[in-house]
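Please read this note alongside the model.

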Amino acid sequence: MYPGSFDPVTNGHIDVVERSLKFIDKLIISIIRHPSKKPLFTFKERFEMLTDIFSDRKNIAVEYFDGLLIDYLEKKGVYLVIRGLRAVSDFDYEFQMVLTNRKMLSTIETIFLTPREEYLYLSSSTVKEIARLRGPVEKFVPAFVADKLKEKFNEVSNY
Ligand code: PNS
């Protein structure tokens with residue numbers, strides 16, 4: 001399972017998905033419906049973006065969860081978590097998450113995948129910041145996600 005906020009999905013996420021499928025047969029991309037930080041995109045929008053991107057992939061399922069990740073993993077009988085690890089700055093948070101989750105559910109293992117070099121600096125937050133300032137986001141997200149970002153920031157003029 002690849003859990004995340006995906007607000008929005010970036011080329012870095014897609015790269016992690018592709019990498020994971022080199023060694024697993026089936027991947028569940030699991031969107032947290034109500035992340036602690038208020039998302040820019042609604043759950044429906046985040047869900048649609050991911051299902052659009054992977055619609056022709058039989059071995060990828062896009063799902064969502066509420067509450068604790070470990071509860072969802074247990075409910076699904078999934079014990080392998082995939083996360084992207086870009087830089088040292090990610091490490092603290094990820095390390096904390098792995099150890100906390102493991103303390104609550106000892107059967108979980110987490111595998112960290114490092115995206116392609118050109119996506120190492122990339123995050124959904126950076127992409128949103130560029131879009132907010134009307135910069136070019138096409139290099140960082142699929143074309144239709146770039147359009148959605150532009151629409152979003154045009155919709156709300158005070159962003
Ligand atoms: O894309 P993100 O925002 O880095 O994803 C973080 C996510 C959703 C994987 C994480 O916040 C999570 O699992 N949240 C669910 C609540 C939970 O289980 N918290 C305990 C983990 S420390």
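Where does the ligand sit?

1. The ligand sits in the largest pocket. A molecule counts as sitting in a cavity or pocket if more than half of its atoms lie within 2 Å of its grid points. The model is a predicted one, in which local features need pLDDT of at least 70 and side-chain atom pairs count only at pLDDT 80 or more, while totals for chains, interfaces and linings use all residues. Residues are numbered from 1 along each chain as its sequence is written, and side-chain values use heavy atoms, with hydrogens and water left out.

2. The shell around the ligand is made of Pro3, Gly4, Ser5, Ile32, Phe65, Gly67, Leu68, Leu69, Arg83, Tyr93, Met97 and Asn101; a residue is near a molecule if one of its heavy atoms lies within 4 Å of it. By class the shell has 7 nonpolar, 4 polar and 1 charged residues. Here Ala, Val, Leu, Ile, Met, Phe, Trp, Tyr, Cys and Pro count as nonpolar, Asp, Glu, Lys and Arg as charged, and the others, Gly among them, as polar.

3. A backbone N or O atom of Leu69 lies 2.8 Å from a ligand oxygen. For an N or O atom in the side chain of Arg83 the distance to a ligand oxygen is 2.9 Å, and for one in the side chain of Tyr93 it is 3.3 Å. The ligand taken alone exposes 550 Å², of which the protein buries 73% (areas by the Shrake-Rupley method with a 1.4 Å probe).

4. Strand E1 (2-4) and helix H4 (88-104) are the elements that give two or more residues to the shell. The largest share, 3 residues, comes from H4. Helices (H or I, at least four residues) and strands (E, at least two) are DSSP runs, numbered from the N terminus.

5. The largest pocket has a volume of about 1,200 Å³. Of the 41 residues that line this pocket, Gly4, Ser5, Arg83, Tyr93 and Glu94 are the closest to its centre. On a 1 Å grid over the protein atoms alone, a pocket is an open set of points with protein on both sides within 12 Å along at least five of seven lines, a cavity is a set where a 1.4 Å probe fits but cannot get out, and lining residues have an atom within 4 Å of a point. Grid points are joined across faces, edges and corners, and a volume is the space filled by probe spheres set on the points.

6. Which element gives the most to the lining of the largest pocket? H4 does, with 9 residues. By class, this lining has 17 nonpolar, 16 polar and 8 charged residues.

7. The structure holds 1 cavity of 30 Å³ or more; the largest cavity has a volume of about 40 Å³. Its lining consists of Leu69, Val81, Arg83, Glu94, Met97, Val98, Asn101 and Thr110. H4 provides the largest share of this lining, 4 residues.

8. Two backbone features deserve a check. The peptide bond from Asp7 to Pro8 is cis, with omega near -5°, and Pro8 lies in the loop between E1 and helix H1 (11-20). Phe6, found in the loop between E1 and H1, has a positive phi, near 50°. Most residues other than glycine have a negative phi, and most peptide bonds are trans.

Terms used:
Polar contact = N/O pair within 3.5 Å; in protein donor to acceptor, adjacent residues only side chain to side chain.
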